[in-house]
Amino acid sequence: MFSVIIYGRNDSHGYNLHKRAAISFNALAEVMSDPDDEICFVDYNTPDDHPTFPEAIADTLTDKAKSVLRVLRVRPEQHVHLKSKTHLVALEAQSRNIALRRSNPRNRWILYTNTDMLLVSRKEGESLSEILGSVPDGFYQTPRFELPEMLWEAAFDRRDPAGNLAKLRQWAVQFRLNQVVHNYMPMKYDALGDFQAALREDMFAIHGFDETMILGWHCDSNLAARLALYRGKVDTLIDRVFGYHCDHTRVAAANNKGRATKMNDHDRYIWNVSTPYLPAQAKTWGWPDQEIEEIRLDRDTAYQRFVAGVGSVVEPATAPYSTTSIEWYLFNDLTYDLPHTLPFVCDQVLTYPRSTAILVTATRPDFVRLFAEAWRGMGFTGPILLPSECKWLPTDIPGTVVDKFSRQLRKADTFIFEFGLGSQALDDPVRTGRATTLVDARRLSMVRRFLRRATIAEAETRPPGRQLPRRFIGVNVIFNKYWPLFTDRVAANINPFCGQVLAGLARIDESWKGKLSRMRAKLGVS
Amino acid sequence: MANGRSGLRSGNLRLAVEEFEQTIAQAPDWLEATEAYAEALDMVGETARAAVEYRRLRDLRAATPKGSPDRGYAVRRRGQFTEEVSAYGLVARRIDRMVFPFIARGNAFLADGHPTEAIRQYDRALRLKPGLITVLALRAEALSAVGRFRESVAGFDKVLAANRNDAEALSGRAIARMALGKVADANATWLRQFELLPPEQAPARACVALRMADYARALPELERAVATNPADLYWTLYRLTALRRLERQIQMPALPGSDAWPAPLLALHAGHIDEAGVQARADTPGRRTEAAFQLGVLAAEADKEAAKRWWRDVVEQQRVDFIEYAAARNELVRLGG
């Protein structure tokens with residue numbers, strides 16, 4: 001019957017976002033009763049190494065919310081062409097259009113709202129699906145009532161949507177919450193963007209939201225103006241459903257700077273609208289040609305993928321614990337416990353697109369073997385790129401591509417540099433003062449040189465079409481001699497030794513050597 | 001009504017309810033009054049009665065005939081838009097340097113059956129933004145609605161000079177051209193519109209093909225329209241029309257339980273009512289146009305002259321934006337009438 005379209009990203013937009021959003025996701029799912037109903041959440045521009053916002057709060061969502069929720073992930077690389085044009089990190093019009101394009105075509109209605117809304121049918125027990133199924137074609141809005149922060153924060157149980165909706169019915173009377181704020185036509189109500197129900201076919205006919213609105217605010221009013229023209233009327237559902245907004249004014253959200261807030265031009269996008277249509281974006285709205293990843297919370301979850309990948313290559317421990325040490329005299333011992341470290345390496349890559357091509361430069365063949373198996377197990381379809389110069393690395397692993405480092409550099413979406421001892425076997429003891437052999441040293445030297453080349457020339461060697469910097473993952477680069485080397489080249493956080501993994505973007509080397517190297521890379525001189 | 005509104009605005013809700021009750025008693029189909037009445041009832045806590053009125057309001061709105069899907073958005077709706085006229089009038093008083101309030105008000109006048117007032121509003125908008133193509137297109141529609149077809153064509157020509165692929169402007173120009181008797185020109189314009197409409201807009205494509213009386217082109221679109229909108233009896237009716245004009249075998253679909261318009265026209269095709277019966281049921285000018293056209297379709301199988309008489313009747317009724325008007329003119333040209 002209807003697709004709810006909402007958007008956001010894995011950040012902290014306003015006060016206690018996680019609770020507000022969980023309350024809202026669960027409450028929206030609670031008022032759905034048609035099997036075709038869905039919540040389309042566009043996760044816009046969350047960094048690649050983070051999970052999407054709904055994944056981050058999945059444990060607080062009900063089974064019903066998880067079953068109706070479709071997460072459409074827009075990667076930073078897909079947003080980068082707009083980055084210089086806006087101060088915002090998440091774009092409403094683009095997000096809503098991406099979801100509209102991909103919404104269930106069997107649904108008659110699209111409901112635009114936000115991740116802090118609860119919808120309460122006036123007739124107890126009536127679902128929103130039933131309400132929307134019973135009203136004629138049109139463009140409907142309903143007023144938004146405000147819910148004091150203390151109430152939702154202190155009294156709502158985020159996993160009890162039915163209880164929350166029941167409380168709202170009571171509070172509406174007890175605390176006199178229901179005040180309708182009328183507005184000029186075509187807006188009809190204040191804060192109209194929290195409930196705008198339009199026919200899916202109407203939204204396609206008018207080419208969705210206006211994607212030139214990239215400064216924030218007024219997207220809802222622009223839609224109201226255009227749908228008011230298209231339909232002639234702005235109808236109300238005030239007799240059927242009330243909308244409650246979880247106030248979040250204790251801390252201003254990133255797009256709210258008081259009187260200094262940057263906004264889309266009010267006059268241009270509301271009072272000078274002269275047509276419902278947007279012919280300039282008729283063929284491009286909602287990015288029809290872009291592949292948008294879809295993530296479900298009820299199947300093939302990140303955790304399930306992690307288990308499928310790492311669980312297939314790491315044998316369960318047979319002892320209560322194992323040990324290593326950061327005592328100073330072990331600084332030069334490069335042994336590490338691979339089965340223990342591998343889960344931390346996989347954790348670094350799991351949120352990346354499945355088509356990612358990853359360049360692995362390693363000293364230990366067993367690292368490559370185990371990582372490659374875990375990579376496939378986690379559902380990645382992109383290749384593992386291995387430098388042909390690293391003769392010691394296996395070449396018979398399915399899904400790996402062996403080629404010269406300089407060529408691989410231009411194909412990779414991300415990098416792993418592993419600094420271990422090739423002579424170490426899987427069951428060798430760890431950090432007992434083992435010396436580096438000549439063979440180990442040669443391998444380490446090559447990995448170090450390749451790290452240097454890759455970090456210096458990162459910008460110049462990006463694959464065609466890629467604009468954002470690529471991420472470097474260092475394995476076994478904490479509290480040993482490769483720690484300063486890695487962090488000189490990669491802006492990594494301080495991480496616990498136990499994981500043995502650091503990650504970050506390349507630092508720009510402003511020395512004459514760095515500049516020369518970048519120029520050589522640009523010219524293709526290896 | 002005005003007293004009721006005053007009651008609502010001044011907080012005298014009981015007065016408002018009484019005033020609206022009286023208004024509704026005199027004009028039960030007045031949508032704006034019904035909506036205001038429902039709102040007033042809700043505000044005084046008579047929620048159950050309010051729900052009844054809201055339901056009645058929506059039923060009335062749903063029963064309002066819709067315009068053809070091949071037409072411009074502003075002329076695709078009909079009915080009561082006095083509330084919008086008033087609301088956008090208020091907005092225009094405050095925001096008088098921007099075009100939206102005037103366009104919205106003009107559209108409301110147009111849909112409410114006051115094209116002359118609509119033209120005034122569009123002219124206000126054009127004074128603010130001279131040459132604004134989107135407003136020129138609306139103005140051309142309004143000119144057509146008042147019978148100023150030559151000016152309408154000139155207006156659409158300007159719109160199409162700016163964007164030759166504007167399907168809605170093509171539709172408006174074709175109608176105005178047909179009204180001027182330029183049948184071949186009109187058909188050429190509709191053909192261009194038909195080519196521009198994407199396949200997923202089968203109902204709109206069907207309407208365009210029907211206007212050209214091109215039933216072979218219309219039939220597959222009508223089949224799709226019937227499949228996706230089985231509740232809309234017009235598609236079933238027009239499908240029967242196309243089948244008859246193509247002299248194809250007809251299997252009558254099940255007739256609807258209700259005899260609300262256009263069910264009598266389907267009953268006519270099924271032979272359940274006769275000419276007099278359908279004419280008696282055609283109680284509005286628009287329905288009389290539709291009935292005359294269908295009587296022509298049925299007559300054409302055996303008596304071309306009778307068909308011509310019916311179709312001439314359609315043309316004389318001058319409902320130029322009706323599908324039947326254009327189709328009848330095309331039929332007459334083919335029959336040499």
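Tutor: A:Ala491 lies opposite A:Leu505 of β18(A). The strands concerned, β17(A) and β18(A) (residues 501–506), run antiparallel and are joined by 3 bridges; two strands count as paired if DSSP finds at least two bridges between them. Packed on the sheet is helix α13 (residues 338–349) of chain A, which touches β12, β15 (414–418), β16 (471–475) and β18 of chain A. The direction of α13(A) makes about 30 degrees with that of β18(A). Helix α17 (residues 482–489) of chain A lies across β16, β17 and β18 of chain A and runs at about 100 degrees to β17(A).

The model is predicted: local features require pLDDT of at least 70 and side-chain atom pairs count only at pLDDT 80 or more, while totals for chains, interfaces and linings use all residues. Residues are numbered from 1 along each chain as its sequence is written, and chains are lettered from A and ligands numbered from 1 in the order in which they are written. Helices (H or I, at least four residues) and strands (E, at least two) are DSSP runs numbered from the N terminus. Contact means that the C-beta atoms of two residues, placed from the backbone, lie within 7 Å. Axes are lines fitted to C-alpha atoms, for helices over the stretch in contact, and angles run from 0 to 180 degrees between N-to-C directions.

The sheet that holds this pair is open and mixed, with 7 strands of chain A in the order β14-β13-β12-β15-β16-β18-β17. Because β14 (400–403) and β17 (490–492) of chain A stand at the edges with a single partner strand each, one side of each is left without a neighbour in the sheet. With direction ignored, neighbouring strands are turned by 30 degrees against each other on average.

Further along that order, strand β12 (residues 358–361) of chain A pairs with β13(A) in the parallel sense over 2 bridges. In this pair, A:Ile358 stands opposite A:Ile384. Strand β13 (residues 384–387) of chain A is covered on both faces: A:Ile384 and A:Leu386 are buried on one side, A:Leu385 and A:Pro387 on the other. A residue is buried if 20 or more other C-beta atoms lie within 10 Å of its own, exposed if 12 or fewer, and partly exposed in between, with C-beta atoms placed from the backbone.

Chain A also has an open sheet of 3 strands with mixed pairing, in the order β5-β10-β7. Here β5 (117–121) and β7 (144–147) of chain A are the edge strands, each with a single partner strand, so one side of each has no neighbour in the sheet. From one strand to the next the twist averages 30 degrees. Strand β10 (residues 241–246) of chain A pairs with β7(A) in the parallel sense over 4 bridges, and A:Arg144 stands opposite A:Gly243 of β10(A). Helix α1 (residues 17–30) of chain A packs on this sheet, touches β5 and β10 of chain A, and makes about 30 degrees with the direction of β5(A). Helix α8 (residues 161–174) of chain A likewise touches β5 and β10 of chain A, its direction making about 75 degrees with that of β5(A).

The domain assignment divides chain A into domain 1 (2–294) and domain 2 (300–522); such bounds come from an automatic or database domain assignment. Taken over C-alpha atoms, the centres of these two domains of chain A are separated by 41 Å. Their contact takes 10 residues from domain 1 of chain A and 9 residues from domain 2 of chain A. Helix α4 (residues 76–83) of chain A gives the most to the domain 1 side, with 3 residues. By class, that side has 3 nonpolar, 1 polar and 6 charged residues, where Ala, Val, Leu, Ile, Met, Phe, Trp, Tyr, Cys and Pro count as nonpolar, Asp, Glu, Lys and Arg as charged, and the others, Gly among them, as polar.

Taken whole, chain A has 18 helices and 18 strands, and its C-alpha trace spans about 80 × 55 × 40 Å along its principal axes. Of its 526 residues, 46% are buried. Among contacts in chain A between residues at least 6 apart in sequence, 85% join residues at least 24 apart.
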